Amino acid sequence: MSPIKASNTPIDPTDSNQVEQKIRQELDLSKDVTTIRRNAPAAILYEDALHERNTIISSTGALVAYSGEKTGRSPRDKRIVEEETSKDDIWWGPVNKPCSERTWSINRERAADYLRTRDHLYIVDAFAGWDPEYRIKVRVVCARAYHALFMTNMLIRPTQEELAEFGEPDFTVWNAGQFPANFHTQDMSSKTTIEINFKAMEMVILGTEYAGEMKKGIFTVMFYLMPVHHNILTLHSSANQGIRNGDVTLFFGLSGTGKTTLSADPHRLLIGDDEHCWSDKGVFNIEGGCYAKCINLSHEKEPEIFEAIKYGSILENVIYDPKTRVVHYDDSTLTENTRCAYPIEFIPSAKIPCLADTHPSNIILLTCDASGVLPPVSKLTPEQVMYHFISGYTSKMAGTEQGVTEPEPTFSSCFGQPFLALHPIRYATMLAKKISKHSANAWLINTGWTGSSYVSGGKRCPLKYTRAILDSIHDGSLAKQEFETLPVFNLQVPTNVNNVPKELLNPAKNWAQGEAKYNAAVSNLASLFVENFKIYQDKATPEVLAAAPRI
Ligand code: ATP
Ligand code: MN
């Protein structure tokens, strides 16, 4: 096989055949062996996907597909190519491990070799970023129809005219995930690699078929491009907007804390469930779809998401009844991280285009605290926002990452450490400026355990109470309540919230195992915070440092 050719042949970008022709040249595909489908509709992708083993249609019309061995992201196998255009900006370390340009060439060629052997290849040309001024053109080349439908749903679908004028992509994803990397290759630690090259503006995936790697790869690209080139802040958050007064709320939070669940709110317009940018104009979504967790999903608790699972959506790694094709959402046999990817317009309250020319008025930091120490809601000072944003505390719940089966405390800066391209303080500084300029209110919401820990048999804060808390933030009533101070963390806890039982509000007063046990639990969590923050000590301002818990 010859190497991928850098083609100089001029092509007519309005002609899909010519785009296919170009991919053929680049991959050196023989004419008759492979069919290439560009931006195929869901119906065709369904038809192709159904030829794959196990793939079926669910009773509600969703495509049920399986990602094989990997059912979550593989953060340890992510690599950034070390090259001169980006190397001084990248935050090198455990999140962004370097690989050489030589390793990149070997893996890219390995991906190309694999793709060359396929009967069908898929191209998805689409956008990332809803603001036309800042959006990037993304091309995905992959060999599974399921992956093509996934990215069709998750990126912003071009109109026919936009597709005709698409031209050269700004960024290309080569997904050969069915095929392993060779772990004898330098810089490789396993058969899996997810490699980003900011000079070539390309990404290669080998050795994992978890579709979420593609979407989170593009997210990392935005975490690099937006701040470096446009001074725009990239956020691991969901966002929605009040129907009547247009107020925007951002929900930051790590995986499983409730970004998707809580942003789907029938009383508010959904801007997006996971990835946003905050520019000088306002907030825009990066994606054209949502990627919702499905474990224990019920119509009663999450009707919007439940009903979005229909023709055109993809259900991943779920168990279904072989006779009726009804999906068992409470079955975690394959993984806790069962997911559904659907176009955002499947949520009835979605705001299309997914942006707001308004700056956020409420910033919500979501955490899922399995220690039960943090209150269901507290009001944050600007310094506390920065402290908690840099800390990024949650309990990692089973699921989204390979190998996590029990909740464990974790700190992930900017509530999105695995996706950061630059040092966390760069994003935190941008956020601090924006919050003070636009004087947003900020809240810490614990959607996890409260009043008793997970291990001592406590319960997760019922979703209806978290929703009631959000309602009272949005109708302005919460800000007017009286507040008392939670010890050690110095959080302002309301003494009353409409439609929420009073005894739930302050864990310090209502700890199931008594005050002494609470004090032990609170100091334990506080020391984890203090220990974690040591790495940021020399870069944070004295005011932010003063917002740390006091043991
Ligand atoms: P990811 O970044 O992986 O997409 P996410 O922040 O979007 O994660 P969700 O998909 O919203 O997380 O997952 C939250 C899960 O927790 C859902 O399964 C939801 O049903 C469940 N849950 C239980 N109690 C609550 C609560 N009080 N608030 C929010 N979610 C809750
Ligand atoms: Mn989500």
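Q384, V385, M386, Y387, H388, F389, I390 and S391 are the buried residues of helix α9. Buried means under 20% relative accessible area (1.4 Å probe, protein chains only). Helices are DSSP runs of H or I with at least four residues, numbered from the N terminus. Eight of the 10 residues of α9 (residues 382–391) are buried, so the helix is largely enclosed by the rest of the structure. G392 follows α9 and has a positive phi, near 60°.

This is a predicted model: local features need pLDDT of at least 70, side-chain atom pairs count only at pLDDT 80 or more, and totals for chains, interfaces and linings use all residues. Residues are numbered from 1 along each chain as its sequence is written, ligands are numbered from 1 in the order in which they are written, and side-chain values use heavy atoms, without hydrogens and water.

Now the ligand site. Ligand 1 is surrounded by 21 residues, each with a heavy atom within 4 Å of it. The closest are S255, K259, E302, R339 and C461. By class, this shell holds five nonpolar, 10 polar and six charged residues.

Polar contacts pair N or O atoms within 3.5 Å.

| Residue and atom | Ligand 1 atom | Distance |
|---|---|---|
| E302, side-chain N or O | oxygen | 2.6 Å |
| G256, backbone N or O | oxygen | 2.8 Å |
| C461, polar backbone atom | nitrogen | 2.8 Å |

On its own, ligand 1 has 650 Å² of accessible area, and the protein covers 90% of that. Areas come from the Shrake-Rupley method with a 1.4 Å probe. Elements giving two or more residues to the shell are α7 (259–263) and α11 (463–474). The largest share, four residues, comes from α7.

Note on methods:
Buried means under 20% relative accessible area, exposed over 50%, partly exposed in between (1.4 Å probe, protein chains only). A polar contact is a pair of N or O atoms within 3.5 Å; within protein, one must be able to donate a hydrogen and the other to accept it, and residues adjacent in sequence count only if both atoms are side-chain atoms. Ala, Val, Leu, Ile, Met, Phe, Trp, Tyr, Cys and Pro count as nonpolar, Asp, Glu, Lys and Arg as charged, and the others, Gly among them, as polar.
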